[in-house]
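Please keep the model in view while reading.

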Amino acid sequence: MKKTQQRMIEEIANCYSGGTPSRSNPKNYGGAISWVKSGEVDSRDIGSTGESLTEDGLKNSSAKIVPAGSTLIAMYGATAGKVGKLEIDAATNQAVLALVPNALVDHNYLYYAASNATNDLLKKVQGSGQPNLTAGLIRKQKVYLPDLIEQRHIVHILSAWDTAIEKTEKLIEAKEKRFSWLIKSLISDQCRNWEHLQTEKIFKGVSEKKNGGEELLSVTQDRGVIPRTMLEGRVMSPEGSTDSYKLIKRDDFAISLRSFQGGIEYSRYQGLISPAYTVLRPKLKIDDEFYRHFFKSYLFIEKYLNIAVIGIRDGKQISIPDFMTVKIPYPPLEQQEQIASVLNTARQEIDLLKKQAEAYRKQKRGLMQKLLTGQWRVGVD
């Protein structure tokens, strides 16, 4: 089998940076030329754009129309390092580098090779404290280039993983919509039929401090109250004593001054949380899982919790005394348990699918690292 060759990106593709015509001239925009901005390079296939240019707009900028099948790389901005494949003829702004493949490379292989190479390049650039890419860096970046037949075999393999990921993501989206419908039908639509009690009759605020030796926990909007060791990246530890930190127990809830943004969080762990949070512990017999779902619902945040929100705009916060007087639903315990069971099952299905999608992504990353560097070769007999 012929040894894989390394080529610089500029040797296998023509590289074009885009441009942005003046916004002060309305004749530059709204024409028939699709125009991709860096923020739109966030998916594999780019088939539409939010804005378009006129012929005048194209002439009044350094933008160039590149053909469908080109690979686009966002060089800076929120999507820096993202790579997409163009499905339409389009121009780009100056923050996007377009790679138009030549005869040496399959256009789909170029997309995968550029994705892998850009990811490696971005890590190096971020390590130097410069989070942005440049056209010069990308052009000189080397990729492995087998012959066209092997390139297409590699594309076939990686495309299978992309298909599996895409199908799983669509299934997750459908399950999320079903979950929202369940919340509406089982909680929102039934709320008016349930007894309502003031929060302070169902929960009590507790403030247990000076619990040395307990694990430090973090309050998150997407995962509830979890150990800090489960957080990704660097987590700052408190300086000095944690005597002022509050003890939260399993099945307690945590409410912060800004909980109106994402609901009240449930804890499956015992440990210490910041004194900025209020710990709620049930006084009456409840199903914790029912209230876990209720406290994260749009209905609760917008209707019930909103009553206790004070301030305006970014100065908003929760008034704990007001919140404790808000009347919230207290369904019969058996009904709480039934609703919680249905919602838990639906949420578990979504969580399993998310794990499956992440496993596919991990497998794909591993394959790309092997196949797109020449470590693994694909038989082409």
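A crossing of two helices is called left-handed if the near helix is turned anticlockwise from the far one by less than a right angle, and right-handed if clockwise. In this predicted model, helix H7 passes H10 in a left-handed crossing. H7 covers residues 288-295 and H10 covers residues 333-371; the two pack at an angle of about 65°, with their axes 8 Å apart. On the H7 side the contact involves Glu289, Phe290, Tyr291, Arg292 and His293, and these meet Gln336, Ile339, Ala340, Leu343 and Asn344 in H10. By class, the residues of this contact are five nonpolar, three polar and two charged.

The strands come next. Strands of a sheet pair through backbone hydrogen bonds, either parallel or antiparallel. Strand S3, residues 29-36, pairs with S8 in the parallel sense over two bridges. Within this pairing, Val36 has Thr92 in S8 as its bridge partner.

Strand S7 (residues 83-86) has Val83 and Lys85 pointing one way and Gly84 and Leu86 the other way, and all are buried. S7 runs parallel to strand S4 (residues 45-46), and two bridges join them; here Ile46 stands opposite Leu86. With strand S6 (residues 71-74), S7 runs antiparallel, joined by three bridges. Thr71 has Lys85 in S7 as its bridge partner, and Lys85 is one of the buried residues of S7.

Notes
Residues are numbered from 1 along each chain as its sequence is written. This is a predicted model: local features need pLDDT of at least 70, side-chain atom pairs count only at pLDDT 80 or more; totals for chains, interfaces and linings use all residues. Side-chain values use heavy atoms; hydrogens and water are left out. Axes are lines fitted to C-alpha atoms, for helices over the stretch in contact, and angles run from 0 to 180 degrees between N-to-C directions. Helices (H or I, at least four residues) and strands (E, at least two) are DSSP runs, numbered from the N terminus. Contact means heavy atoms within 4.5 Å. Ala, Val, Leu, Ile, Met, Phe, Trp, Tyr, Cys and Pro count as nonpolar, Asp, Glu, Lys and Arg as charged, and the others, Gly among them, as polar. Two strands pair if DSSP finds at least two bridges between them. Buried means under 20% relative accessible area, exposed over 50%, partly exposed in between (1.4 Å probe, protein chains only).
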